[in-house]
Amino acid sequence: MPKVTKPANAKGDFLVDYEEKVFEDVKADPGQKALVTFHTVAFEGSIGFVNLLQATRLLRKGFETSVLLYGPGVTLGVQRGFPTLGDEAFPGHQNFNNQITKFIAEGGKVYACRFALQALYGHGEGALIEGIRPISPLDVLDIVLLHKKANAVILDTWTL
């Protein structure tokens, strides 16, 4: 039987070179836009939260950045909490709310489809995190088309 002679990993060890950056740090050109779309359910995987972090990073790189919540993506934008709204029932429970609030505070725009809010998930506009702009379902395609016309960076977030 082979013996393991390497000591076990310990807190504070480095397992990868976290300082090396291979690519240049890209910044937006003046007026450059970005759109991050979300057709994913809150807490159904990491992609919703990861791409909210990406949206914030795009904003900080100088892109005029918008987030589109449609279909199940509107679940990222509703107020939550337990036992009352705003309470964190478990660590990470407010990740989406906190990140969206931070994104808006830093100048990002967030839009949520009214059809998905009401018809699919039974929420009204009052359920949205403050600062999210409800939009018509007819605007969902148009915001994407406007960003395509502007040659914007577009990240589409989907889960099945």
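Contact, as the word is used here, means heavy atoms within 4.5 Å. The model is a predicted one, in which local features need pLDDT of at least 70 and side-chain atom pairs count only at pLDDT 80 or more, while totals for chains, interfaces and linings use all residues. Residues are numbered from 1 along each chain as its sequence is written, and side-chain values use heavy atoms, with hydrogens and water left out.

T40 is found in the loop between strand 1 and helix 1, where helices (H or I, at least four residues) and strands (E, at least two) are DSSP runs, numbered from the N terminus. Is T40 buried or exposed? At 2% relative accessibility, T40 counts as buried; buried means under 20% relative accessible area, exposed over 50%, and partly exposed in between, with a 1.4 Å probe and protein chains only. The side chains of T40 and T159 are also joined by a polar contact of 2.7 Å, a term that stands for a pair of N or O atoms within 3.5 Å; within protein, one of them must be able to donate a hydrogen and the other to accept it, and residues adjacent in sequence count only if both atoms are side-chain atoms.

The next topic is the nonpolar core, defined as a set of buried Ala, Val, Leu, Ile, Met, Phe, Trp, Tyr and Cys residues joined through side-chain atoms within 4.5 Å. The largest such core has 34 residues, of which V67, L68, L69, L76 and I132 touch the most other members. At least two residues of this core come from each of strand 1, helix 1, strand 2, helix 2, strand 3, helix 3 (114-120) and helix 4. For L69, with neighbours within four places in sequence left aside, the contacts are F38, V74, L76, G77, V110, Y111, A112, C113 and I132.

Helix 4 can be followed from end to end. Its N-terminal end is capped by S136, a side-chain oxygen of which lies 3.0 Å from the backbone nitrogen of L138. Within helix 4 (residues 137-149), the buried residues are V140, I143, V144 and H147. Seen down the axis of helix 4, these buried residues fall within an arc of 95 degrees, so they line one face of the helix; the arc is that of the directions from the helix axis to the C-beta atoms. The face turned away from this buried side carries the exposed residues L138, L141, L146 and K149. What covers the buried residues of helix 4 includes strand 1 (33-39), strand 2 (64-69), strand 3 (109-113), strand 4 (133-135) and strand 5 (153-158). After helix 4 comes N151, whose phi is positive, near 55 degrees.

How many aromatic pairs does a search of the whole structure find? There are five, where rings of Phe, Tyr and Trp (its six-membered ring) pair if their centres lie within 6.5 Å, and planes under 30 degrees apart count as stacked, over 60 as edge-to-face and the rest as tilted. One of them, between F43 and F90, is edge-to-face, at 6.1 Å centre to centre with 65 degrees between the planes. Because F43 lies in the loop between strand 1 and helix 1 (47-60) and F90 in the loop between strand 2 and helix 2 (95-105), the pair ties together parts that are 47 residues apart in sequence. F43 is partly exposed, with a relative accessible area of 39%, and F90 is partly exposed too, at 41%. The rings of F49 and F96 have their centres 6.2 Å apart and their planes at 85 degrees, so this pair is edge-to-face. F49 lies in helix 1 and F96 in helix 2, so the pair ties together parts that are 47 residues apart in sequence. F49 counts as partly exposed at 24% relative accessibility, whereas F96 is buried, with a relative accessible area of 4%. F43, F49, F90 and F96 form one aromatic cluster.

H93, in the loop between strand 2 and helix 2, is buried, with a relative accessible area of 8%. Not counting residues up to four places away in sequence, H93 touches F43, R80, G81, F82, D87 and E88, and a polar atom of its side chain lies 3.0 Å from the backbone nitrogen of A89.
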